[in-house]
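Please walk through the following model from the arrangement inside one chain, to the contact between chains, and then to the overall form of each chain.

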Amino acid sequence: MNEFSNTGNKDTRSGFGVALLELGRTNPNVVALCADLTGSLKMNEFKNEFPERFIQVGIAEANMMGIAAGMTIGEKIPFTGTFANFSTGRVYDQIRQSIAYSNKNVKICASHAGITLGEDGATHQILEDIGLMKMLPGMTVINTCDYNQTKAATIEISKYNGPVYLRFGRPKVPNFTDENQNFEIGKGIKLIEGSDVTIVATGHLVWESISAAKDLLSRGINAEVINIHTIKPLDKDIILKSINKTNSLVSCEEHNILGGLGESISRLIVQNNKLCPMEFVGVNDSFGESGTPEQLMNKYKLNSENIIDKCLKVISRKKLI
Amino acid sequence: MNELENLVIQVRRDILRMVNNVKSGHPGGSLGCTEFFVVLFFKIMKRNEKFEMNGKNEDLFFLSNGHISPVYYSTLARAGYFPVKELNTFRKINSRLQGHPTTHEGLPGIRIASGSLGQGMSVAIGAAITKKLNKDDSIVYTLHGDGELQEGQNWEAIMFASANKIDNIICTIDYNQKQIDGDIKDVLDLGDLKIKFSSFGWIVFEIKNGNNVKEIEDIILKAKNESGNGKPIVIIMNTTMGNGVDYMMGTHKWHGVAPNDEELRIALDQNPETLIDY
């Protein structure tokens, strides 16, 4: 089994901030827009080094999305920054018409995604954003798992021409992927090889899945762990190949199970006649609430314990087929 | 009759025939802004011959109130962006001339989708910022409906533009004082637009008769002379909905209703063919 070591907890948003600064230095067309959350989005260094390419729009996210769309006319590459809730739900129609339908090269970069935003509570914790964004034709949807991957993804999406939703988070979480990784949009990553059950995870749940796989191995169960950073377009091959082998799957995401990664996978399975037991680790059609990230992840069962339970469940269901 | 007046009448004919052809679309606002479009595209804007999305080193135009697409499409076709015969496909299946303008079908001349109201000013400001970053001293023009100003995003944009000295943008408000449900003052009164814009730090011009080509040209040129002075510019353009067709003028009834064949005949008689019909 592959070993993954945590090189130290770091927030994914800082990976974004560091990469944005690097892009500022390497690509003169990259511009950044922020709606009064420069510090939270880690955009301060970009702002300080490239003030003429940093647009502070104030608390006016709708205007920010429109300005970003317009800035692409003349070859600028805008990166917008605010919380996930205000990056999607608040401005859905602006993104839909001025960015997605108009096919503008805007990178919508969303921090504080999911329940790990923590104490601010449900008004700020969006658990529907993946669903909202994946439903938009032409939108690429990425949810990174750690600091290094967020940094790599931020650099990579600047080279891709088209609208992208990049989702990352607030808390410091294990940083375990390769510092110099090659990030490929739409390409899943097999982290652990296994034959008994497939765990497909995105974002903060990837580390939890690795922990779950270690525990399962101690029980004699070989779990295959796949890191899906790109939810749309989904890497179909890596998932189908894996369930050919394991005949069971657990999807894991810090998102409502309605509209998220798991739902995309279930459609894939049905369409390809790969009917197999599947369980969903995610928030079950509810809003979040206040609490520490750790308390919330435990309360809503977004943790390795629940992943293990769900793996045992799909394995037992296999026998019924 | 001069070339501009010929164009105005021909664009009116195009609008009327397009909406009649599919029994849908928005003739009232289109006819009210016909003179503005003709003047802007044929007398004011610095335009490159070949359409490129990036619009570098040329003036840009964004239509925020996308429902008046008939006048936009006719003007673009008459300006050579695509064949005039394509106007016959307006609102039909598989057409590049969708009910509301879009970049999605690759129609030359269109740089943003519009239809869901209130988004155009933000987009135009973005394009204007990029022009500044690119050291491109061209101007960004826009058109907005007056009722459209009820959308809150406009006021975010209006506040932003003055605070950030976006002085290479000239926004025009089609002030016909009507919207679908009736007179604006009855639906949701806009108050004094001139005072509102000036208190937000904009330079305000007014076109008293927005259906007079000479006055439109004079005021836009004056506005252009004021660009580059650290302030955004708005032109409040008083227009008559349905201008040029007597039974459509001065009522909101024709906002989104197409004339039937008999009504079309009467309207076209009032606007005899000047150039060649599509």
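**Domains, interface and overall form**

In chain A, the C-alpha centres of domain 1 and domain 2 lie 26 Å apart, the domain bounds being taken from an automatic or database domain assignment. Domain 1 of chain A covers 10-173, and domain 2 of chain A covers 189-318. The contact between them takes 26 residues from domain 1 of chain A and 30 residues from domain 2 of chain A, where two residues are in contact if their C-beta atoms, placed from the backbone, lie within 7 Å. On the side of domain 1 of chain A that touches domain 2 of chain A, α6 (129-134), β6 (140-143) and α7 (147-159) of chain A each supply at least two residues, and β6(A) gives the most, with four residues. Helices (H or I, at least four residues) and strands (E, at least two) are DSSP runs, numbered from the N terminus. The residues of this side of domain 1 of chain A divide into 11 nonpolar, 11 polar and four charged, with Ala, Val, Leu, Ile, Met, Phe, Trp, Tyr, Cys and Pro counted as nonpolar, Asp, Glu, Lys and Arg as charged, and the others, Gly among them, as polar.

The model is predicted, so that local features need pLDDT of at least 70 and side-chain atom pairs count only at pLDDT 80 or more, while totals for chains, interfaces and linings use all residues. Residues are numbered from 1 along each chain as its sequence is written, and chains are lettered from A and ligands numbered from 1 in the order in which they are written.

The contact between the two chains takes 28 residues from chain B and 22 residues from chain A. On the side of chain B that touches chain A, the elements that give two or more residues are α5 (120-133) and α6 (152-163) of chain B, and α5(B) gives the most, with 10 residues. The residues of that side of chain B divide into 12 nonpolar, 12 polar and four charged.

Taken as a whole, chain A has 12 helices and 14 strands. The radius of gyration of chain A is 19 Å, close to the 20 Å that the globule rule gives for 321 residues, so chain A is as compact as a globular protein of that length; the radius is taken over C-alpha atoms, and the rule is 2.2 Å times the number of residues to the power 0.38. The C-alpha atoms of chain A fill a box of roughly 60 × 40 × 35 Å, taken along the principal axes.
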